[in-house]
Amino acid sequence: MVASAALAFGMMVVRFGLSPVLPAYGYLALAGAALAVIDTRQRRLPDRLTLPSYPVALALLGLAALVQPGGGAQFRGALAGLGIALALFLAQAVIYPAGLGWGDVKLAGILGLYLGWLGLGVLAAGLFLGYLLAAVAGLGLIAAGRASRKTQLPFGPFLLAGTLAAIMLSGLVG
């Protein structure tokens, strides 16, 4: 877990440099690495990590918004991302409860904050990449005979990987 956290944090340093948003995205890297490992091993995203991430992310992004040019608009984008991701995942969990856990719903709101800060296109890309990575992994496991259509995979690591990829790619495109 330490190596993946260090790698993710290093990627955030490369992406954002010593900018006002680095503490916020650094927190995402560290918390995200822990959540990915826990979800992979235990198939759960514990509230003790997801729920405190909301006020931490809001505070760190809010502080960055105060000192970064255009930060107010980016913070509004973050709030929109939170709302969109949370609504999308909440709807999925209500419509098909067996397909998505409540930990994934809580994680989606946090990821929506960070992705929304970078823009609604990045939000869409990050969430799409999470689904795509999960689908590719599932199909690969089925093809290898290690899973069936009914096998449930932990979704959090894929959501986090998709988010990380979208964040990094947004630095190349933007």
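This report describes the fold, the surface and the aromatic pairs of one protein model.

The model is predicted: local features need pLDDT of at least 70, side-chain atom pairs count only at pLDDT 80 or more, and totals for chains, interfaces and linings use all residues. Residues are numbered from 1 along each chain as its sequence is written, and side-chain values use heavy atoms, with hydrogens and water left out.

**Overall fold**

The protein contains 7 helices and 0 strands, where helices (H or I, at least four residues) and strands (E, at least two) are DSSP runs numbered from the N terminus. Its radius of gyration is 16 Å, which agrees with the value near 16 Å for a compact globule of 174 residues; this radius is taken over C-alpha atoms, and the globule rule is 2.2 Å times the number of residues to the power 0.38. Along the principal axes, the C-alpha atoms fill a box of roughly 50 × 35 × 30 Å. Of the 174 residues, 43% count as buried (under 20% relative accessible area; exposed means over 50%, partly exposed in between, with a 1.4 Å probe and protein chains only).

Met-12 belongs to helix H1 (residues 2–16) and counts as buried because its relative accessibility is 2%. Leaving aside residues up to four places away in sequence, Met-12 touches several residues, among them Leu-22, Tyr-25, Leu-164 and Ile-167; contact means heavy atoms within 4.5 Å. The C-alpha atoms of Met-12 and Leu-22 are separated by 6.9 Å. Leu-30, by contrast, lies in helix H2 (residues 22–42) and is partly exposed, at 44% relative accessibility.

**Aromatic pairs**

Rings of Phe, Tyr and Trp (its six-membered ring) pair if their centres lie within 6.5 Å; planes under 30 degrees apart count as stacked, over 60 as edge-to-face and the rest as tilted.

| Pair | Geometry | Centre to centre | Angle between planes |
|---|---|---|---|
| Tyr-25 and Tyr-114 | edge-to-face | 5.1 Å | 65 degrees |
| Phe-89 and Phe-155 | stacked | 6.3 Å | 20 degrees |

The pair of Tyr-25 in helix H2 and Tyr-114 in helix H5 (residues 102–118) links distant parts of the chain, 89 residues apart. Tyr-25 is buried at 0% relative accessibility, and Tyr-114 is buried with a relative accessible area of 0%. Ring pairs also join Phe-16, Tyr-25 and Tyr-114 into a cluster.

The pair of Phe-89 in helix H4 (residues 71–95) and Phe-155 in the loop between helix H6 (120–143) and helix H7 (156–173) links distant parts of the chain, 66 residues apart. Phe-89 is buried at 0% relative accessibility, and Phe-155 is buried with a relative accessible area of 11%.
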